[in-house]
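The entries below follow the order in which I checked things.

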There are 2 protein chains.
Amino acid sequence: MTIDLARARALDAEDPLRACRDRFLLPDGIIYLDGNSLGALPAATPERQRRAVEQEWGTSLIRSWNDHGWIEAPQRVGAKIAALIGAQPHEVIVADSVSVNLFKLIVAAASLTPERPTLLSEAGNFHTDLHIASGAAELVPNLGLEIAEREAIEARIGADTNLLLLTHVHFKAGFRFDMASVTARAKAAGARTLWDLSHSAGAVPLHLNRDGAELAVGCGYKYLNGGPGAPAFLYVAEHLQEQLVSPLRGWMGHAAPFAFTDDYVPAPGIARFLAGTPPILAMAALESGVDAFDGITMDAIWAKSVALFDLFASLVAETCPALACISPADAERRGSHISFRHPHAFEICQALIAEGVIGDFRAPDVVRFGLTPLYLGFEDVFRAVAIMADILDTGRWRDPRFAVRGKVT
Amino acid sequence: MTIDLARARALDAEDPLRACRDRFLLPDGIIYLDGNSLGALPAATPERQRRAVEQEWGTSLIRSWNDHGWIEAPQRVGAKIAALIGAQPHEVIVADSVSVNLFKLIVAAASLTPERPTLLSEAGNFHTDLHIASGAAELVPNLGLEIAEREAIEARIGADTNLLLLTHVHFKAGFRFDMASVTARAKAAGARTLWDLSHSAGAVPLHLNRDGAELAVGCGYKYLNGGPGAPAFLYVAEHLQEQLVSPLRGWMGHAAPFAFTDDYVPAPGIARFLAGTPPILAMAALESGVDAFDGITMDAIWAKSVALFDLFASLVAETCPALACISPADAERRGSHISFRHPHAFEICQALIAEGVIGDFRAPDVVRFGLTPLYLGFEDVFRAVAIMADILDTGRWRDPRFAVRGKVT
């Protein structure tokens, strides 16, 4: 064996991030390997949420827009996220969902170069990205969506390319693009790149400014621990902000939302990408989730992610021969989850959940485990793989109840 | 005087909705006349929110999508709202913001009749509606936004009219359109009507089916008491649902969200108007807000609204001669708020807030008071107007601190 339980515990004892686990409330008897789908509950969130509901809403009521900083929440939380992704504070704002933000940026950015007809994305990209892209492409004159296999994308970038829409870390196997090199390649061809950071933000080190990124969106409820359906964020590089006009011209993106004028004048800077009234309770939960990163560097988080992954991969290689790892061995080319292929991935996933190991199934045949260094330890990985090996060895996943599908599977 | 304090108290004692006040947590010393901007906190919401955060998210984690009905929340809460607005349960869904929902329905509906070039709306409509409409019109080929004065709108409907976008109850003075007659007038000309119910849902009796309404959106955080920035709803009449395709094709509106296919296939029925992952914590708060209407008819609420309005108007007429009421005297032509014009409306509003009477200012010269029968009584109205009369009589609003503007004013 790579290691035994005692060694796993020793690794936890040496782990500089070990104390971060106390920043989260994790249920007893559960090993949670799905923080890439829904981040765990930060310990500070229940009280923060209670305050938002009872004090800010219940007691201060409408006055909280000014008195409790509700009106600045999209910018304030955006600035905190900016610090995690290598952006300037005024380049990130929290708003809407990833889907809606993708739509805003695709339409706004593609409209800048109408002579370029191709919106280029990856086959097998997270499907909401492709669906939103197809809807946006139908609305922008002369724009069409083209989908290429991952290996063919860079070669496909050309004079016709308007916008390259890529997910930085792939949701399934976890392949990661080299942001700097792909962005530069697109830029050299005169195209812009829009990055979906849903599986990257709070997971891998990001340097949006350094890597020349101009446009990005990301998710609040995965590694940022903002709660189910948390609002998303979007990033627009400073130099591009004044050139873009959101197709979703809601009042909160207006230069003077409370002047109530019929004419639309976009707000200066990143605020123009707001649409409707920001969801304050959800925003409070997201802020609390992002605050769980306080004082921790993304480099420290990433170093532990790599160690957790390597342990997970080697334990599975030794004890679960039926599982084929499909995530990259090279840490520089992956995100913070590990995925395996098995014809009965669905049933294995259900059997694991029944024994307290929560990962998730991704159709048609992938079982996926999120590695969240803030609240996951080496003993967790050791125990999870031991349970999985036992489930496979004994064939416990063949129990017919594990073949029953829920609505979300 | 119309009435005295004793009579106001007697009216409260006779009020069949009096007990509903206990369904809300209202701060001491405050008369809250801004429930049309942000509904008050329902008494059940803190515990419901605590459960959503600590139990559903914290303990059940990702399993709650199935185990706690998260995935059905948009439909479930939508069906509850449907009961308040005269729609069938499967015609309403909760999603995104009013702004985003307007965009979806304008683009989807206008695209059905591309030979009709005019998107028609009202000058001075709530500005987010006009801004969203202008953005949508730019994206739909051949469509242009035309804005007409309220009195001229019906006459302006013609063979060129594609879609009529109207706010049912106007946010400022509270004028209400006759939904049945305007919808019929548009339909006779071959045009569709999209109603913004932000100041109507939970405030006035609505009969969307009976009145022939085909498309509507509405707000969750006003009379529905869903909390600051609560998700919004949208309504599409059954017969129209399969004809419309949302321009915001997020995964939750896909026929098979968990099949992860590249091709977009809209979900059958109202679910196709979902975009990204629904905001579950905000959805729980909205559901609790809508549940505060349990067992109460909109007719009972409206009858009390009329009585509160009439008392407010007559007390102001007697004791505040400097204020000009701009809301309709005819109850059938108004909503559930009352507005007054005064050159120093801003300062008067601030002075009132300083003395515990919360209404709001609407630029440039309107002070507006929301009448929310579930938690507002006749004594509240009596006291609020008495304080306002005294502020006007003494000129206390001239204190320079009341001229200081916040970000939200």
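I began in chain A, where A:Glu47 and A:Arg50 are joined through their side chains by a salt bridge with an N to O distance of 3.0 Å, the term standing for a side-chain nitrogen of Lys or Arg within 4 Å of a carboxyl oxygen of Asp or Glu. I noted that this is a predicted model, in which local features need pLDDT of at least 70 and side-chain atom pairs count only at pLDDT 80 or more, whereas totals for chains, interfaces and linings use all residues. For my own bookkeeping, residues are numbered from 1 along each chain as its sequence is written, chains are lettered from A and ligands numbered from 1 in the order in which they are written, and side-chain values use heavy atoms, with hydrogens and water left out.

I then looked up where the pair sits: A:Glu47 and A:Arg50 lie 3 residues apart in helix α2 (residues 45-60) of chain A, so about one helical turn separates them; helices are DSSP runs of H or I with at least four residues, strands are runs of E with at least two, and both are numbered from the N terminus. A:Glu47 is partly exposed at 41% relative accessibility, and A:Arg50 is partly exposed at 33% (buried means under 20% relative accessible area, exposed over 50%, partly exposed in between, with a 1.4 Å probe and protein chains only).

Next I turned to chain B, where the side chains of B:Arg192 and B:Glu214 form a salt bridge at 3.4 Å, N to O. This pair links distant parts of the chain, since B:Arg192 belongs to strand β8 (residues 192-196) and B:Glu214 to the loop between β8 and β9 (215-218), 22 residues apart. B:Arg192 is buried at 19%, and B:Glu214 is buried at 9%.

Is each partner of the next pair, B:Arg210 and B:Asp211, buried or exposed? I found a salt bridge between B:Arg210 and B:Asp211, with the closest N and O atoms 3.1 Å apart; B:Arg210 is exposed at 62%, while B:Asp211 is buried at 13%.

I also recorded a network of salt bridges that links A:Arg76, A:Lys80, A:Glu287 and A:Asp291. Over all chains, the structure holds 54 salt bridges.
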